Amino acid sequence: MSRTRNAALLLAAVGLLALAGCGGQQEKPDNPGGAIIRTTQDPNGMRGATLDQPYKLPAATLTDTGGNPFNLVTSTKKPVTLIFFGYTNCPDVCPTVMADVASALTKLDESVRKQVQVLFITTDPSRDTGPVIRKYLDRFDPAFVGLTGTLPSIKDIAQAVGVPVEGMKKLPSGGYEVGHGAQVLGFGKDDKATVLWMSNAAIGDMAHDFGKLVEANQ
């Protein structure tokens with residue numbers, strides 16, 4: 001393989017985990033989990049970015065939109081769990097990703113769709129109360145589960161699965177945005193993520209991969 005090809009693959013891998021500010025501003029790439037992203041075609045047919053070193057979902061407990069404790073391992077009852085970190089005041093990246101995930105799920109047969117659980121973990125717990133998150137997620141799919149907790153605990157969980165989360169960045173308007181990784185992580189029934197999709201993933205590719213994950217986790 002040529003040096004040019006090697007350099008291109010390295011840049012592609014680093015770019016996949018770039019920190020995305022919801023205001024459209026890109027920050028420094030970060031990969032705290034140290035997973036290796038395979039940039040060649042996945043032999044199992046996945047179209048998302050596959051991970052040679054899977055991320056293990058920590059058995060951490062957050063709070064759902066109804067105020068009930070939700071353990072990321074014991075409360076996830078379906079074979080496939082999709083996780084996205086974001087916040088309701090995000091003006092562009094978060095609603096786009098959530099809408100794309102919802103649209104991809106509608107392309108699956110109902111029997112397959114019922115095997116997938118979507119978790120939205122807020123990166124802005126000071127503003128994202130349970131009712132606020134619930135109202136936000138209902139715009140996309142009432143079945144989506146919203147979770148909140150303390151910011152340190154959320155950051156710890158995000159770091160464990162390779163998602164960078166920054167603190168608040170003040171805006172000239174007086175408000176603030178929160179920088180965070182824009183990837184959707186796909187976990188199987190072993191609570192390990194072997195594939196992720198970035199915010200520019202095609203809806204058809206996500207639908208294809210969601211079905212493949214369900215098939216692999218029966």
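Mentor: In this predicted model, the buried residues of helix 4 pack against helix 2, strand 7 and strand 8 (145–148).

Trainee: Which residues of helix 4 are buried?

Mentor: G130, I133, Y136 and L137 are the buried residues of helix 4. They span an arc of only 130 degrees around the axis, which puts them on the same side of helix 4. P131 and K135, on the other side of helix 4, are exposed.

Trainee: Why do residues three or four places apart point the same way?

Mentor: An α-helix has 3.6 residues a turn, so such residues point the same way.

Trainee: What makes D138 and R134 a salt bridge?

Mentor: The closest N and O atoms of D138 and R134 are 3.0 Å apart. The cut-off is within 4 Å, between a side-chain nitrogen of Lys or Arg and a carboxyl oxygen of Asp or Glu, so the pair of D138 and R134 counts as a salt bridge. Both residues lie in helix 4, four residues apart, about one turn of the helix.

Trainee: Why is D138 called partly exposed?

Mentor: D138 has 37% relative accessibility. Buried means under 20% and exposed means over 50%, with partly exposed in between, so D138 counts as partly exposed.

Trainee: How many salt bridges does the structure hold?

Mentor: The structure holds four. One of them joins the side chains of D124 and R127, at 2.6 Å from N to O.

Trainee: Why is D124 called buried, and what is R127 called?

Mentor: The relative accessible area of D124 is 2%, and buried means under 20%, so D124 is buried. R127 has 28% and is partly exposed.

Trainee: What do R47 and D205 tie together?

Mentor: The side chains of R47 and D205 meet in a salt bridge of 3.3 Å, N to O. R47 lies in the loop between strand 2 (37–38) and strand 3 (49–56), and D205 in helix 6, so the pair ties together parts that are 158 residues apart in sequence. R47 is partly exposed at 48%, and D205 is partly exposed at 27%.

Trainee: Which residues have the most contacts inside the largest nonpolar core?

Mentor: That core has 35 residues, and those with the most contacts inside it are L82, M98, V101, L105, F144, W197 and F210. Helix 2 gives the most to this core, with eight residues. A second, separate core has 24 residues, among them A49, L62, L72 and I83.

Methods: Residues numbered from 1 in each chain as written. Predicted model: local features only at pLDDT ≥ 70, side-chain atom pairs only at ≥ 80, totals over all residues. Heavy atoms only, no water. Core = buried A, V, L, I, M, F, W, Y, C linked by side-chain atoms within 4.5 Å. Buried < 20%, exposed > 50% of the residue type's maximum accessible area, 1.4 Å probe, protein only. Helix = DSSP H or I, 4+ residues; strand = E, 2+ residues; numbered from the N terminus. Arc of directions from axis to C-beta. Contact = heavy atoms within 4.5 Å.
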